[in-house]
Amino acid sequence: MINKHFLALAWLGLVGSVAAQPLNPAIDPLAARYSALQGTSWAAAAGYVQNKAPLFSVRPDLRLAPASTLKLLTSAAALDAFGPQHRFQTQLYIDALPDEHGVLNGNLYIRAGGDPTLGSSRVQGSLNAEQLLQRWTQQIRQAGIRKINGDVYADISLFEGPSIPAKVNWQNIGNYFAAPATALAFHDNSFQIHFAPQARHGARVEVRSAQPQTDGLRLRSFVTVDAGSTKDNAYVYGAPGQYEMEIYGTLPATRFTGYTISAALPDAPQLLTDLFVQTLESHGVDVSGRGMLLEEAPDYEAMRLLYTHFSPPLQDILYIVNKRSFNFYAEMLLRQLAVHAGHKGSVEAGLNELYRFLRRQGISTENVLLYDGSGLSRDNQLTVQTLLELLQVMAQRPDFPSYYYSLATLQDRGDLLLLRRFLAPFKRTQDVHVKGGTLDGVKAQAGYVRDQNGELIAFAFIANNLIAKDEGINRFYEDLLKLLLQQPQK
């Protein structure tokens, strides 16, 4: 015989659960409309920011691959460590003074500070590659140096360990979105490959040139034309330090202009050092030696500081990390977390600091297993509850505007592009800020929306094991966002 008191308690528990998650009953009927969710593992959670009142929670503790929504953790930890106005430094030193004839009988040193934006044109206020080299050369000439009887050294000792996280897919290594993180970065640690025009379906597409030019680089193209596609489906295969690369896949047909893709530089610190030597010589500063890398830091106390180069502020870097979902900057910031804590910049040390940051915010790391700072590895695991709690915590911080405005809106290309169609008619385009994530078999979105009263809601949706690029998953996420935008229901 069933105990009546047990039934009463069970009923009260069910009522309490529904009341605690008022929108839960609406989620399953929404999900049932979409065949894209069949056979997948998915979870979703949302709640108000101010009082943390929950709205819905479906499988909140299910560990899933987050793809690029992991950048929300890395960027939050970077803001906490450095502050939004922090600028990373790269310094030029000499170990002797030039004589009256402008001759430096000694060496020139580049002290790498892990600035991800060196020579990049992605971030507002950053000098591009040519401007950077010109600026540094100008500083040498202003110091009265006209000849260097020595070498140009790049000190890359700030970082250590593998420059690419261990769990990154081999198909990704060699491409710009898996560029190695190095203490001395240059040109986003990537280069452009220009292909000759080719319009015939199935024909081989030949490499025309690469920029910036890198000594010893050899590119072998096995790319063919897919006349029925408009997308870049070419992949570059090459590991860090490997100067012979192979390119496979397909590119769209082109008749006149050709096609350009980006790939990871095999050794960005060496390239920057070599180009600096070349630029010095082309501007009247003779260099008797060559560009060399140092893995152990020299004694800078015994040297003279000539120039300090500053990156754009961190908040502008985060704009690219999240709005453009730029993996390279996220991986550089992960290593900077370790440096800030007094360690060498490595993946392992950076992840340890990321875990510590979460725990300091009162967020459990029991269901968090990370291998990188960008979300590129399919082996990363976390829960929608972790993302939700982080988003709620960040909304209470004084640096929240830098975090909030780094997320994509309807005015941006990328993560929210697919949402413009349904949000624009509601005239609510300003009310959604999203970080999206996509890997093979993974689609995730997390961020903030405002309800009808302007109150901020945090949300996180993740689906794994998707078997096709079915737009149904995006439509499901749209339905969830619509539900949140329509709160509070009257």
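Definition before anything else: I count a charge as sitting over a ring if NZ of Lys or CZ of Arg is within 6 Å of the ring centre and within 35 degrees of the ring normal.

Ground rules. I am working on a predicted model, where local features need pLDDT of at least 70, side-chain atom pairs count only at pLDDT 80 or more, and totals for chains, interfaces and linings use all residues. Residues are numbered from 1 along each chain as its sequence is written, and side-chain values use heavy atoms, with hydrogens and water left out.

Entry: charges over rings. I found the charged end of Arg122 over the ring of Phe326, 3.9 Å from its centre. Arg59 does likewise with Trp42, its charged end 4.4 Å from the ring centre.

Entry: aromatic pairs. I searched the whole structure and got 21 of them. Rings of Phe, Tyr and Trp (its six-membered ring) pair if their centres lie within 6.5 Å; planes under 30 degrees apart are stacked, over 60 edge-to-face, and the rest tilted. Tyr93 and Tyr300 have ring centres 4.6 Å apart and planes at 45°, so I logged the pair as tilted. Tyr93 is in strand E3 (residues 89-94) and Tyr300 in the loop between strand E16 (291-294) and strand E17 (304-310), so the pair ties together parts 207 residues apart in sequence. Helices (H or I, at least four residues) and strands (E, at least two) are DSSP runs, numbered from the N terminus.

Entry: cores. I used sets of buried Ala, Val, Leu, Ile, Met, Phe, Trp, Tyr and Cys residues joined through side-chain atoms within 4.5 Å. The largest nonpolar core has 108 residues, and Phe276, Leu390, Tyr403 and Tyr448 have the most contacts inside it. A second, separate core has 29 residues, including Leu37 and Leu483.

Entry: Thr117. At 1% relative accessibility I put Thr117 down as buried. Its side chain makes a polar contact of 2.8 Å with that of Asp115 (N or O atoms within 3.5 Å; within protein, one able to donate a hydrogen and the other to accept it, with sequence-adjacent residues counting only if both atoms are side-chain atoms). Beyond its neighbours within four places in sequence, Thr117 has contacts (heavy atoms within 4.5 Å) including Val123, Pro312 and Tyr329. I checked Tyr329 too: it is buried, at 0% relative accessible area.

Note on methods. Buried < 20%, exposed > 50% of the residue type's maximum accessible area, 1.4 Å probe, protein only.
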